[in-house]
Amino acid sequence: MQVLHKMERDILAHPSLLLADDNPALLETLIEMLEPSYRVAAALCNGASVLENVSALRPDLVILDISLGDLTGFEVARRLKDIGCSAKIIFLSVHEDIDFVNAAFELGACGYVFKSRITADLTKAIDTVFSGGQFASIYSQWIH
């Protein structure tokens with residue numbers, strides 16, 4: 001039986017998140033909402049910062065806005081894939097359109113959460129993704 005070091009247990013119990021959104025107020029809200037259950041490694045305001053810091057931060061999950069100002073979240077996701085980043089990706093977006101959802105999953109995303117449903121869906125999406133599943137707000141609306 002393998003015994004995990006305390007730090008390893010903490011990492012497994014509190015997955016590391018990298019948040020990226022061009023709205024600093026939303027980033028603050030996300031940190032407050034997520035930190036009790038997850039470890040926020042960084043909250044960044046643009047795509048270039050994500051690409052510059054992801055290797056050093058080694059997050060388990062990247063939560064990306066689609067509109068990041070300098071780059072689209074889709075472009076950041078493509079580049080993360082190109083550099084071999086193993087972090088799972090959840091898109092967080094105002095775009096509540098099936099075409100955006102499909103494009104996100106085609107890029108290899110594991111989740112897509114509408115900003116209008118952050119409170120109801122974001123932690124569900126994170127937990128679903130960490131359990132090996134996929135999550136999209138569009139489908140959770142249809143279920144209820």
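Here are some worked exercises on a predicted model. Residues are numbered from 1 along each chain as its sequence is written, and side-chain values use heavy atoms, with hydrogens and water left out. Because the model is predicted, local features need pLDDT of at least 70 and side-chain atom pairs count only at pLDDT 80 or more, while totals for chains, interfaces and linings use all residues.

**Exercise 1.** Find the stretch where pLDDT is below 50.

*Solution.* Start with pLDDT itself, the predictor's confidence in each residue, from 0 to 100. Its mean over the protein is 89, and 88% of the residues reach 70 or more. The stretch we want is residues 1–12, which has four contacts beyond near neighbours in sequence (contact: heavy atoms within 4.5 Å).

**Exercise 2.** Work out the strand order of the open sheet and name its edge strands.

*Solution.* Strands (E, at least two residues) and helices (H or I, at least four) are DSSP runs, numbered from the N terminus. Two strands pair if DSSP finds at least two bridges between them. The six strands run β2-β1-β3-β4-β5-β6, with parallel pairing. Pairing on one side only marks the edges: β2 (39–44) and β6 (135–136).

**Exercise 3.** Classify the packing of α3 on α4 and of α2 on α6.

*Solution.* Axes are lines fitted to C-alpha atoms, for helices over the stretch in contact, and angles run from 0 to 180 degrees between N-to-C directions. Under 35 degrees counts as roughly parallel, over 145 as roughly antiparallel, 65 to 115 as roughly perpendicular and the rest as oblique.

- Helices α3 (residues 47–57) and α4 (residues 73–82) pack at about 15°, axes 10 Å apart, so α3 is roughly parallel to α4. The contact uses G47, V50, L51 and V54 of α3, plus V76, R79 and L80 of α4.
- Helix α2 (residues 24–34) meets α6 at about 60°, axes 12 Å apart, so α2 is oblique to α6. Touching residues include L26 and L30 of α2, and L122 and I126 of α6.
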